[in-house]
Amino acid sequence: MTPQAGDILHVTREASVQFLRPMMFRVIRVHDWPTYEGWVWLDGYQLNAAGDAVERRSIFVQRAGLRIVPDNSASARARTAPGRTGQRPALSRPHLRPATAGAR
């Protein structure tokens, strides 16, 4: 499995022995640096329990040991809600309306 920017990973000892304590990690870059077969360098953010970034890190891990975490947050559901077009709502801007005859 090759992660992509934006993926949230559960990184454990299966990915590398340095992760004795598992962590959540949001990928921001997957390096194409030459390395051992099945290993990859990732840049990203270590996440706390609330999903907030707490530290930027570069990690060297085995692809086979990485697990993608499904994104079940409310913001993700809102982004993919049925019927959403991704367009912003029209704003009322009376100051931009053309002047009508007789208006001062």
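**View 1. His31 reaches across to Asp43.** The side chains of His31 and Asp43 make a polar contact at 2.7 Å; a polar contact here is a pair of N or O atoms within 3.5 Å, where within protein one must be able to donate a hydrogen and the other to accept it, and residues adjacent in sequence count only if both atoms are side-chain atoms. This is a predicted model, so to speak of local features pLDDT must be at least 70, side-chain atom pairs count only at pLDDT 80 or more, and totals for chains, interfaces and linings use all residues. Residues are numbered from 1 along each chain as its sequence is written, and side-chain values use heavy atoms, with hydrogens and water left out.

**View 2. The surroundings of His31.** His31 sits in the loop between β2 and β3. Leaving aside residues up to four places away in sequence, His31 touches Val40, Trp41 and Asp43, a contact being heavy atoms within 4.5 Å. His31 counts as buried because its relative accessible area is 14%, and buried means under 20% (exposed is over 50%, partly exposed in between; 1.4 Å probe, protein chains only).

View 3. Strands β1 (residues 8-11) and β2 (residues 23-30) pair antiparallel over four bridges; pairing takes at least two DSSP bridges between two strands. Ile8 has Arg26 of β2 as its bridge partner.

**View 4. A cluster of aromatic rings.** Trp33, Trp39, Trp41 and Phe60 are linked into a cluster by ring pairs. Rings of Phe, Tyr and Trp (its six-membered ring) pair if their centres lie within 6.5 Å; planes under 30 degrees apart are stacked, over 60 edge-to-face and the rest tilted. The count of aromatic pairs comes to three.

**View 5. Zooming back out to the chain.** Five strands and one helix make up the elements, in the order β-β-β-β-β-α from the N terminus; these are DSSP runs numbered from the N terminus, helices being H or I of at least four residues and strands E of at least two. Of the 104 residues, 23% are buried.

View 6. Over residues 74-81 pLDDT stays under 50, and the model has four contacts beyond four places in sequence for them. pLDDT is the predictor's confidence in each residue, from 0 to 100. The protein's mean is 81, with 68% of residues at 70 or more.
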